[in-house]
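Me: Can we go through this one together? I'd like to start with a strand and then look at a couple of residues.

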Amino acid sequence: MPYAVIRVAKIKTHAHALAATGHNYRQAQHPHAITNADREAPHPNREYINHAQKDYWSLLEARIQEAGVKRIRSDSVRGMEVILTGSPEGFVRGQDGRAADYSKSKWAGDNLRFLQEKFGAKNIVSFTLHQDEKTPHIHAVLAPITDKNTLSADQLFNPKSLRQLQTEYAQAMGSHGFERGIEHSQAKHDPMQRLYGLEAQHAQRVAELTKPSTQAPAIQLSDPPTAPWKHSEWKSTEEARINAEVARQVEAARVQLVEVAKLAQTNTAAAEQVRVLQKQLSTSEGLKQGNFTGLQEAAKQVEVSDQTFDKMAVRYAQGEDLADLREFGATVREQERAALTRVLEQTLAKPVKDGADFVAKLQAAGYQAQAIEPGKVVFTHEQTGAKFPTTEIRPNGQAIGPQLTAAVERTTQQEQSRGQRRGGGIGM
């Protein structure tokens, strides 16, 4: 019986979120779009929630703000990416080996209901089915908000709760022919990759060690000396040389046999674990390569932003042209410019009492507004430090100033109208 497979990964940084967005939506212009997806796949990928394909960081920040979460540490995990699928043999396939179209299936619907019931419907900000890889699988992104309206990935996704999640997911997928893997097994996701890789290496090494070897060259004796009284010395010397060469060959064979024995013993000890992991290891190539073995481009960019800052700073100080970093920075900045534009459009559509109220609303959304000179304002995104003068931002395709004036006037008129209605009611 095929296994139900569910995996989770933390979304810790803005760069991480952008990487996942580009990967999951196959954004051709995005540096993290994967290359192993089948561009001629017969069945479409489908997004069930985030139809506008907004970036995950904006979605998560908006959900956290909507939920009224009060305490958010700078290092808090903003989101979790959940991948839901099953071992390949659990999906209906055609004669060509391709999986059937699951975009409108009960399986996809049951997966969505499972997450919504488990973590809260509002907390699921994206739910994407991929069908352009070997096996259908779902990427879901959720905000780890608890019942007490706190942001806590550690509370919702700890070793105990993850074991329970595996059990509950398998139960939810039981009607589709999937079962749970062995509970409390020592088989973990990362060691699966390592173990299977080692097994392949061992098999290759054993094949090398045990293949027929070429015949050792015959030991050539030196010509005996012509003087008879030197024959005894010559004989002793030749015997010592022959014995040394034979001993060398015997020792080489012994070392080879010891290595073979150790590899055999290792594989025997791992045999049971390999059997347990076999089905999980055959999970879709995209699932293994794209999400839990790295999203190589994503990992590279996350490393640039999170782990190698000092190295980059030194290279910059030394005058190097960091084209890759500059390109990535431009991508992030453009993402933030689009996000700020959406925030401004939403803010201007709501009641705005005055300029101070407008600035306060932007600050609550993560942006600082600073007047650098009369009539010129710069918006700064607190998280990334991206700066945008008003000349770069045109919400609704128009300049900000007139729209802000109109929003304030509209709000004033609405408040006056409500005051008049309340006053008329009292007069009666």
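This is a predicted model: local features need pLDDT of at least 70, side-chain atom pairs count only at pLDDT 80 or more; totals for chains, interfaces and linings use all residues.

Reply: Strand β3 (residues 79-86) is mostly covered, with eight of its eight residues buried.

Me: Which residues are on which side of β3?

Reply: Gly 79, Glu 81, Ile 83 and Thr 85 are on one side, and Met 80, Val 82, Leu 84 and Gly 86 are on the other. Both faces are covered. In a regular strand the side chains alternate between the two faces of the sheet.

Me: How many bridges join β1 to β3? And β3 to β5?

Reply: Strand β1 (residues 4-11) is joined to β3 by eight bridges, and five join β3 to strand β5 (residues 137-142). Both pairings run antiparallel.

Me: What stands opposite Gly 79, and what stands opposite Glu 81 in β5?

Reply: Ile 11 is opposite Gly 79. Val 141 in β5 is opposite Glu 81.

Me: Switching to Ser 126. Where is it found, and is it buried or exposed?

Reply: Ser 126 is in strand β4 (residues 124-130). Its relative accessible area is 0%, under the 20% cut-off, so Ser 126 counts as buried.

Me: What does the Ser 126 side chain make a polar contact with?

Reply: The side chain of Glu 47, at 3.1 Å. Leaving aside neighbours within four places in sequence, the contacts of Ser 126 also include Tyr 25, Tyr 56 and His 139.

Me: And Arg 63, buried or exposed?

Reply: Buried, because its relative accessible area of 12% is under 20%. Arg 63 is in helix α2 (residues 56-67). Beyond neighbours within four places in sequence, Arg 63 is in contact with Lys 122, Asn 123, Val 125, Ala 143 and Ile 145.

Technical notes. Residues are numbered from 1 along each chain as its sequence is written. Side-chain values use heavy atoms; hydrogens and water are left out. Helices (H or I, at least four residues) and strands (E, at least two) are DSSP runs, numbered from the N terminus. Buried means under 20% relative accessible area, exposed over 50%, partly exposed in between (1.4 Å probe, protein chains only). Contact means heavy atoms within 4.5 Å. A polar contact is a pair of N or O atoms within 3.5 Å; within protein, one must be able to donate a hydrogen and the other to accept it, and residues adjacent in sequence count only if both atoms are side-chain atoms. Two strands pair if DSSP finds at least two bridges between them.
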